[in-house]
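Colleague: Can you walk me through this one? I'd like to ask about a few spots.

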Amino acid sequence: LRCDEPGTAYVAFERVDMDTFPSAAFACTLKFVVKECDPATGEPEEGDEGFEDEYSLEAVDLGAGDFMQASYLPDSHALWETLGADAECVETFALANFDSIAECVARVAELLGMCPLEGALTPKSKAAHQAVFTGKWMGTTKTVARTRMTYQKGTGVTMELAVRSEDQGVSELVVSAIA
């Protein structure tokens, strides 16, 4: 890359066990060669071998939501009923580090990696909110998540997360994205 030109880097990893979905953090370091350039042309000076340098970047975190494809699934209510309670996982979380429901619902959407349905990201009340998210785990397993949140100053947000999917293990993994 030339100086001041953005570029893209990709990271690939192989899952050894297809039945597990690991969470991990990847350290990132940008390694490059610095060369003197002609200011008029921007080209490296002839014969300049440059010197190696490196710059630490922010770590890349891999979580359960990274295995989810945010997909709009029509008629989420009918899908919720079709999936049934057999593959449902429900957990209640005390999230004291949030100062508002709006802040909490935005973070939950990010962690789940799911598609927020209409109104999910825009609470109408500062005290209570419900949101529905849909997606496909690994691009195939239909999943619906429902949240009910309440906020109380001094204690933060209390959230009930209920997840139904075509696979009980997927429902549990999606809930684990918050824990």
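**Working through the model**

Modeller: Start with Thr134, which lies in strand E6. Keep in mind that this is a predicted model.

Colleague: Is Thr134 buried or exposed?

Modeller: Thr134 is buried, because its relative accessible area is 0%, and the cut-off for buried is under 20%.

Colleague: What does the side chain of Thr134 reach?

Modeller: The backbone oxygen of Ser71, at 2.6 Å. A polar atom of the Thr134 side chain also lies 3.3 Å from the backbone nitrogen of Leu73.

Colleague: And which residues is Thr134 in contact with, leaving aside neighbours within four places in sequence?

Modeller: Among them are Ala70, Tyr72, Ser76, Met114, Cys115, Thr143 and Val144, along with Ser71 and Leu73.

Colleague: Switching to helix H2. What should its 12 residues span, and how far apart are the ends?

Modeller: H2 covers residues 101-112 and should span 16 Å at 1.5 Å a residue; the end C-alpha atoms are 16 Å apart, so the two agree.

Colleague: Which residues of H2 are buried?

Modeller: Ile101, Cys104, Val105, Val108, Ala109 and Leu112. They sit on the same side of H2, because they cover an arc of only 135° around the axis.

Colleague: Why would a spacing like that put them on one side?

Modeller: An α-helix has 3.6 residues a turn, so residues three or four places apart point the same way.

Colleague: What covers the buried residues of H2?

Modeller: The cover includes strands E3 (68-70), E4 (88-95), E6 (128-137), E7 (141-152) and E8 (156-165), and also helix H3 (168-176).

Colleague: What about the ends of H2?

Modeller: At the N-terminal end, Ser100 is the cap, with a side-chain oxygen 3.0 Å from the backbone nitrogen of Glu103. After H2 comes Gly113, which has a positive phi, near 70°.

Colleague: Now the core. Which residues touch the most other members of the largest nonpolar core?

Modeller: Leu112, Phe133 and Leu161, out of 31 residues in that core. The elements giving it two or more residues are E4, H2, E6, E7, E8 and H3. H2 provides the largest share, 6 residues.

Colleague: What does Leu112 touch, not counting residues up to four places away in sequence?

Modeller: Gly65, Met68, Phe133, Ala145, Leu161, Val174, Ala177 and Ile178. There is also a second, separate core of 6 residues, which includes Leu73, Trp80, Val144 and Ala162.

Colleague: Ok, E8. How many of its residues are buried?

Modeller: 8 of its 10 residues, so E8 is mostly covered.

Colleague: What is in the turn between E7 and E8?

Modeller: E7 and E8 form a hairpin with 3 residues between them, and Gly154 in the turn has a positive phi of about 95°.

Colleague: How far apart are Thr158 and Thr92?

Modeller: 66 residues in sequence, and 7.2 Å in space from C-alpha to C-alpha.

Technical notes:
Residues numbered from 1 in each chain as written. Predicted model: local features only at pLDDT ≥ 70, side-chain atom pairs only at ≥ 80, totals over all residues. Heavy atoms only, no water. Helix = DSSP H or I, 4+ residues; strand = E, 2+ residues; numbered from the N terminus. Expected span 1.5 Å × (residues − 1). Buried < 20%, exposed > 50% of the residue type's maximum accessible area, 1.4 Å probe, protein only. Arc of directions from axis to C-beta. Contact = heavy atoms within 4.5 Å. Polar contact = N/O pair within 3.5 Å; in protein donor to acceptor, adjacent residues only side chain to side chain. Pairing = 2+ DSSP bridges. Core = buried A, V, L, I, M, F, W, Y, C linked by side-chain atoms within 4.5 Å.
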